[in-house]
Amino acid sequence: GADMYRLLKLGARGVQIATRLVPTYECDAATAFKEAYVNSTSEDIVLINSPVGLPGRAINNKFLKDVSAGKRNPVNCPWKCLKTCDYKTAPYCISLALINAAKGKLKNGFVFAGSNAYRTKKIQSVKTVFQEFIAEYERFRTRENAQMLQNTFQTLQRKETEKVLIS
């Protein structure tokens with residue numbers, strides 16, 4: 001909510017949300033996948049180089065640590081789905097890793113996540129997430145409006161004081 005308010009105030013016409021919607025009851029990923037968000041810390045969020053040649057942000061786990069240590073090699077690639085992925089030299093099949101993760105098999109996969117995934121503290125409903133967005137947005141809007149009113153009042157007081165001193 002607060003981030004949304006700040007971005008819209010800066011002139012954005014909209015915001016994209018995804019991270020907060022993953023650890024919800026409505027998300028069809030396995031509970032272990034959602035718990036990876038809930039149990040993560042800011043230090044767990046890392047940038048990785050995927051086998052397809054693109055960077056990605058993920059929640060660090062044993063699978064990714066093994067990849068970094070050179071301990072992972074794909075046995076095969078069942079789909080050969082991405083032209084930029086050379087399955088013969090890739091440390092793992094990204095499709096298999098992501099499917100495993102979505103099924104909760106994090107021993108053989110990992111979780112992509114946004115930079116703020118660690119801020120998620122519980123699995124909850126989408127409705128509750130949006131209620132929190134709205135409440136936080138309104139809190140920041142109200143706080144800013146109150147600050148603007150206070151600044152205006154102080155400016156008027158200062159000008160009134162200056163008039164009295166000059167006359």
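**Exercise 1. Find which residues S40 is in contact with, leaving aside its neighbours within four places in sequence.**

Solution. Start with the contacts: beyond those neighbours, S40 touches I45, I59, A117 and Y118, where contact means heavy atoms within 4.5 Å. Helices (H or I, at least four residues) and strands (E, at least two) are DSSP runs, numbered from the N terminus. Then check accessibility: S40 counts as buried because its relative accessibility is 6%; buried means under 20% relative accessible area, exposed over 50%, and partly exposed in between (1.4 Å probe, protein chains only). Finally, look at the side chain: one of its polar atoms lies 2.8 Å from the backbone oxygen of Y37.

A word on the model before going on. This is a predicted model, in which local features need pLDDT of at least 70 and side-chain atom pairs count only at pLDDT 80 or more, while totals for chains, interfaces and linings use all residues. Residues are numbered from 1 along each chain as its sequence is written, and side-chain values use heavy atoms, with hydrogens and water left out.

**Exercise 2. Decide whether A102 is buried, partly exposed or exposed, and find its contacts.**

Solution. First, locate A102 in helix α4 (residues 94-102). With a relative accessible area of 33%, A102 is partly exposed. Leaving aside neighbours within four places in sequence, A102 is in contact with A29, A30 and F33. For F33, the C-alpha separation from A102 is 6.1 Å, although the two are 69 residues apart along the chain. Now widen the view to the helix: I94, S95, A97, N100 and A101 are buried in α4, and the buried residues of this helix pack against α2, α3 (62-68) and β3 (111-112). Just after α4, G104 has a positive phi of about 90 degrees.

Notes. Polar contact = N/O pair within 3.5 Å; in protein donor to acceptor, adjacent residues only side chain to side chain.
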